[in-house]
Amino acid sequence: MKHFRRVLGIFTLGILFLLPAKAQQREISGRVNSEDGYLPGVSVVVKGTTIGTITDADGKYHLKVPATADTLVFSFVGMQTVEVPIGNRQTIDVTMQKEVKSMDEVVVVGYGIQKKVNVTGAVSVAKKEDLENRPVTNTQRALQGLVPNLQLTTTTYGGEPGAGMNMNIRGLLSLQGSSSPYVLVDGIPMDMNNVDPDDIESISVLKDAASSAIYGARAAYGVVLITTKSGKNEQGRAKISYNDNFAFSQPTIIPEIADPMSFALAMNDAAKNAHQNPYYDQDALNRLQQNIEHPGSAVTMYPKDDLKWNTGVMGLGCAATTDWNDVLFKDWGFRQKHNLSISGGTEKANYYFSTGYYDESGLMRYGNEYYDRLNLDAKLEAQATKWMKLAYLVKYATSEKDFPWDYQWGHGRIFDVITKLKPTLPLYYPNPDNLLEFTDIFVSQSQIPRWQAQREHRKYHQLVMSPRIIIEPLENWQINMELNYRQNNDKVTYLAKQYWWLRPNKEKAYVPPRPTTRYAPSHNNNSYLSPNIYSSWFRNFGDHFFKIMIGYQQEQYKYDNISANAYYLLSDAVPSISTSVGDKKVDDAMGHWATQSYFGRINYNFKEKYILEINFRADGSSKFAPGDRWGYFPSFSGGYVISKESFFPVKDLVDFLKLRISYGSLGNQNVANYLYIPTMGTRLSNFLFNGEQLWTVTPPNLTSVNLTWEKVKTTDVGMDLRMFNNRLSTTFDWYQSYTTDLVGPGEAVPALLGTSVPKKNNGEVRIRGWEIEIAWNDKIGDFSYGIRGVLSDYNRVVTKYNNPTKILSTYYVGKELGEIWGFETAGLFQTEQEVLDWGVDQSFIRAKKYLPGDLKYVDQNDDQKIDVGDYTLDNHGDMKVIGNSTPRYQYGVSGNIGWKGIDFSFFIQGIGKRDMDIRSGTMRGPAQGKYHATVYKEHLDYWRDDSSPLGANPNAYFPRPYSQNPGDNNKNWRFPTTHFIQNGAYMRLKSLQLGYTLPSKWTRKAEIDKFRVYLSGENLLTFTKLLFYDPETIYGNWWGAGKAYPLSKVISVGVNLNF
Amino acid sequence: MKKILYILVLFTSILFSCDSDLLDLSPLDQISDPEFWKTDNDLQLYLNGMYDNFSGWSRRGTGWSWIPDNGTDIAIYTHKSDRLDGTVNVPSSGGGWSWSKVRNANYFLENVHRANGDLVDHYRGEGYFFRAWFYFDLFTQFGDLPIIDKSLTVEDEDYLYSARAPRNEVADFILNDLDSAIFLMKTKDELPPMRLNKDIALLFKSRVALYEGTWEKYHAGTVFGAKNANPEKYLQQAADAAKELMDGGRYTLYTGDTSRAYYDLFNQIDYSGNPEVLFWKQYNYVELGRNFGNDVWFWPNRAGITREQVRSYLCADGLPISVSPLYQGDTTLSVVTKGRDPRCIQSVMVPGDVYMISTSGDTTFFANPDLTDNNYCPTGYEWEKFRRPYIDPRVGSFSFDQGFIIFRYAEALLNYAEAKAELGTLTQADLDISINLLRDRVGMPHLILGAITPDPNWPNYGYNLPDYLYEIRRERQVEMLGEGRRFDDLMRWRAHNLIIGQRPHGTKYTDDLKAINANMPEDTEGYLDPYQDALSGVNGGYGFDPNRDYLKPIPSNELTLNDKLVQNPGWDK
């Protein structure tokens, strides 16, 4: 593009030389600026004449104009033309704005670029402006909500520093493995989070089969193409760009724990309901009250004996008043990012060098968790000969993550355990000599000592190298040869050192036992090598445009992991395998897969009015048996720019209207390697032979010899519309995808087989959805503004599945994915009489007497008995579909305003409708065994009669809690019920940014093209009806709701500097 | 322009110089079948994994350990047994109808001939043992079974869709495998430690044969009876197998101080030198971590011994409690074990029993049962058997390493006596080499044929027994308490009279206990009544259905898939 602009500039200059100059003249000079810095090649012309010049490499111009001249016209391709009255001025500086909508906008597509007007598939684009300056961990977080029907949701890692997200396009699914889109960065598959968002030029999301078919078997779930920034011909000038951001973060939403006294009384009620003694006896309650009124005036806990403290379970029965949220979370976490890039070039060569650094310390005060990442990128391109261009890409990314670990239960346990801390547990041990005083030693239940001693450390390295040769033997004929190589070397280390707690006799108690201290590193290496060769040729025959592309690709992937477990650290200071003197175990995992592919594409259009595209790809994969190895994936799409027709009626209103239709088929090779080869697994026995674990082999399963590709067939109908002088632009797509040959269970065979029936390709799911994107951009004088909204929806129905009994525990034909089967309830029983009057046998739910405060279940089939029948579609007893957890009506709204150097932007993201069945994790509050129980403020709304010190609460939301796990709580919590279905809809102000660009007349003096400062925020506001949880981390980590690392609310300042 | 050609040729040749079998990749870290089955070491490798199938204590970290025999008349868990209460539903799949282990054994037996080495025969014997072990598990659940003697594929339709063979054919199939195992396997001294051996197969054979023999005898004429029943054949096999083991002389009872030898037998960490233990499962938490530690330290483990069991102990004079002057009643925990069979006090926690011995040797004594903890004891009769009171200095709590006995010699003695008694060929000499050895260990008077004092409270099995058989069964109930044999015993003895309408009870709910927890269910006589409102049968007792619940239902899906499969009696299709 830039090249084209420059040619135009030189052309304009050429015309100028031919013109005679007039006699009476004066001189005007100045500099032309844009938001990216000074603009070379801008044509500066006296209005109504041919007198003019173009700006030099630094954007400066110098022009002699006739005295009569009154207006200067500045024009540049891709920019809005500016007219400036001359008046008496001798210096005229101009800042040019990008054109709101360029008809020549191009879109990156598979193996090439295409003019947007000619695109016939469903392709959405996110631009660098949307990603820049966001104080977020990674690209995925910045991309969330920007592209309709590209869903990014938190993983079990929640908002941990460095945590990635789950990605999915259009609800496409696999019953096997991942259904994430295929992500290519500059043509090389990799994790998009290994890219610094500041280095990204654009992101194309290929959603329908037609646009992603060129990637065949890798692209069943859509494609995300990320193009990073490149060097340009700056006529030898180096452009330096520096961006930074300093951010302060806090948790978005953490449930608030009830005050200590209410907590104690609620737990006592739960104990009473479970026929147990109160956890807090009168003495403990008195001491607690005393400590609430006069902190530190009563003993918080007593020694049980010389060796142990009477801490109860996680502080049950103690008398402290600890605000654990306050203790465990920092007031502010800190993040920073920096990106420095230098780019430039001449006609012969260009370059882009960039260094990015990101550093995030987490939210926990004593967790010491952090994430940092360093990116080093270089892109070089040289015109070696007239017909040959050479390019070389190098990308290096390294990141590091440190997190507390639990040597018995692992990473996920960290956020589980802190939900179990009771507010009456003291933070420090009392001084054994005077129990009213505290030591400075954290109680071991607080987990803090453990976090210091037990850590998980991850270190990632990724190196990508890609030499590329581009040959143009003839005009319009290009041959690309690329060798894409990626190497990942990761090291994960688990370390469990000893820590200690204080015994009442003042001895230190060391845990874990010395022999179980552990150092467990694993080295995970993998490499990806993929030569690509593809060639394209295009030609116009009159109004007919043809382009043909064919290519070949092969991929080889290998992984090789070694992991070790070494016990009994001799010294905690130097943990290593060598310094471990206990058992040492080494294990490894190796594997590989390969593909070979042929692909091609034909583009045709007539006057850019009738547009056709055909893609074809043939893929062979090592994952399938010879014979089932090759898959063939064609696609077709067409467009009709009806607004170009002469008969099109409202041309003054509608600038552009294109109708699109596409159909295509894709494959998915994301199944395990070697499924068709009978193998015997090896593992260590769990039975000890004379103290030793011996190795064992496991017999082979029946092999899945006929397994082959899952296929996705998508039909897409779309429309692109631009109106009101391109100020309004709209894209709409409706699609239907059939995922066929889903890898599912084989035919049902009697259990006598004794092993799982080999998998077969036999399932089918239909997905129907739509997405709409509307944008309005305008400029009134100095005031420019824009607003953009995206909205999407889909639903998914199983159309084929091997489930002859239609059992509800798996897929069945007609199942709408996400549906929640459960019982309808009618509130809580209030009296024993009401239980008798209800007249329905609820013993299936829990064979116990129902009491006031327990749930009433509605008898759907009038048999006076609640049950699940056969749990099949034909006989499901009193169960019915009570909701659907699929997120519906996902939307994003962004807006921006610019006025004289001030810019403001916001971004809102949300989900319109979603039912959530939350019965896990902390949702049950006190209705759990004493170890797991917690009481949030909202939990105090539980059923109790007036025998409770908290007073009767007959209209409660939460039923009668039992201090059992789960025990009698099964009466109320065992199955999904309408009572506990929560509204999971939300709206969140994801980003807010206010910036100011200093006027160029000031910055120019310091040779600075652009200097912008800004203030930005993330996740500042959330609107949700959900009880106490963050709607984005609801399903939490491995241990259930409410146990995920919180997302962050962030406030940041930053600088953009170009010179 | 020639250069273009050179570049293209070069690049393309690099591309295709990579091996032409680019897509033919085989696993790098897994053994494929053709490369296996070379030496007897390969056989051992394969079999090692099968040892994982022996049950033991619950793994450390689950919070409490299931005590064997929970869910019977003599020991319970905080929740009722659905099987005894007749509230099992016909499952659509699963429900114990699992054939993967049988398949694994068959796969082994099919391939064992491919290996060479000295121990091939022994390992082949282990293979037979395992097939018998897995089959017996299915057999006790379902009765009649299809005979599957090869590893099946989807194409083996004649097997997959076959009918069930009658139970005595299945029993013969299992016993036949055990005969092969006994013939092929070596003895303890010829093998590495902890491996299965000939004597274990003998003991297991006596268990299987006794099971089928008594089942055929007591279920005769009912829907569960065997066609062409021949109980004597099996009872004889049971007696013979036990006798062969006893005559082998490689195992004896563990004896010592009569007031504690029995107790000491069950709470050891290492049984490798124990003369009575044929086979056991080992734990090692400290060195190997959580997967190798158990939760049996978590007393009382939500478990309790029932009042019915406690009442069944004889008094120290060999007389039943209703007759003996030594009996002091059961109004408090402190008196209930006084003057009783020493195994009573060695099995049940009563005040004054050792509760904990600290690392420095300080002893804490038991005062009251735990009625409040999550893992509380539902009957108030906490387990003393299996309880190890020593604090392990390495972990700072009770040990997670206590071993689990899978086979012990005493069972052979009990099987022998019972089989002989059932055959009607029991002699005093038989008792003296079996039951009376067990009684000697604890200092109880001998059982003398012809001098047995009738017990007015002999259990009402629903049929009458000779007096010696009542006492042999009592001996088994007392000696093997909590060792996992009781449920099978109830089933093979057709003892539903001990279940239907009955409810397990606990200790006297004294004021002392009420002070600990005032909210426990109590019966009209003032004893703990943990299942008071939990059972579905008459009188609030177990709803066991004698025409149905002796066998489990076959999953409904299986009946749909194979119309030759017939559901067990009493169950819906």
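**First stop: a sheet in chain A**

Select strand E11 and strand E16 (residues 200-206) of chain A: they pair in the antiparallel sense over five bridges. Two strands count as paired if DSSP finds at least two bridges between them. Helices (H or I, at least four residues) and strands (E, at least two) are DSSP runs, numbered from the N terminus. This is a predicted model, in which local features need pLDDT of at least 70, side-chain atom pairs count only at pLDDT 80 or more, and totals for chains, interfaces and linings use all residues. Residues are numbered from 1 along each chain as its sequence is written, chains are lettered from A and ligands numbered from 1 in the order in which they are written, and side-chain values use heavy atoms, with hydrogens and water left out.

Now click A:Val125. Which residue of E16(A) is its bridge partner? The partner is A:Ser204.

Five strands of chain A form an open sheet, in the order E11-E16-E17-E14-E15, with mixed pairing. Strand E11 (123-127) and strand E15 (188-189) are the edge strands, each pairing on one side only. Strands of a sheet pair through backbone hydrogen bonds, either parallel or antiparallel.

**Second stop: a hairpin in chain A**

Select residues 499-502 and 508-511 of chain A. These are strands E27 and E28, paired in the antiparallel sense over four bridges. A:Leu502 stands opposite A:Lys508 in E28(A). The two strands form a hairpin with five residues between them. In the turn, A:Lys506 has a positive phi of about 75 degrees.

Go to A:Lys607. This residue has a positive phi of about 55 degrees although it is not a glycine. A:Lys607 is in the loop between strand E31 (584-606) and strand E32 (610-621) of chain A.

Next, select A:Asn965 and A:Pro966. A cis peptide bond joins them, with omega at about -15 degrees. A:Pro966 lies in the loop between strand E47 (915-917) and helix H11 (970-973) of chain A.

Switch to chain B and select B:Trp299 and B:Pro300. A cis peptide bond joins these two as well, with omega at about 5 degrees. B:Pro300 lies in the loop between helix H11 (285-288) and strand E4 (303-305) of chain B.

Select helix H5 (residues 120-142) and helix H7 (residues 167-184) of chain B. They pack at an angle of about 155 degrees, with their axes 7 Å apart. Axes are lines fitted to C-alpha atoms, for helices over the stretch in contact, and angles run from 0 to 180 degrees between N-to-C directions. Are H5(B) and H7(B) roughly parallel or roughly antiparallel? They are roughly antiparallel. Angles under 35 degrees count as roughly parallel, over 145 as roughly antiparallel, 65 to 115 as roughly perpendicular and the rest as oblique.

The crossing of H5(B) and H7(B) is left-handed. That term applies if the near helix is turned anticlockwise from the far one by less than a right angle; clockwise is right-handed. Show the side chains. Among the contact residues are B:Tyr128, B:Phe129 and B:Phe136 of H5(B), and B:Val170, B:Ile174 and B:Leu178 of H7(B). Contact means heavy atoms within 4.5 Å. The contact has 13 nonpolar, three polar and five charged residues. Ala, Val, Leu, Ile, Met, Phe, Trp, Tyr, Cys and Pro count as nonpolar, Asp, Glu, Lys and Arg as charged, and the others, Gly among them, as polar.

H2(B) and H5(B) pack at about 20 degrees, with their axes 9 Å apart. These two are therefore roughly parallel. Their crossing is left-handed. B:Asp40, B:Leu43, B:Gln44 and B:Leu47 in H2(B) meet B:Val120, B:Tyr123, B:Glu126, B:Gly127 and B:Phe130 in H5(B). By class, that contact has five nonpolar, two polar and two charged residues.

The crossing of H7(B) and H9(B) is left-handed.

**Last stop: zoom out**

Show chain A whole. Chain A has 12 helices and 51 strands. Its C-alpha atoms fill a box of roughly 105 × 70 × 65 Å, taken along the principal axes.

Now show chain B. Chain B has 21 helices and nine strands. Its C-alpha atoms fill a box of roughly 115 × 60 × 50 Å, taken along the principal axes.
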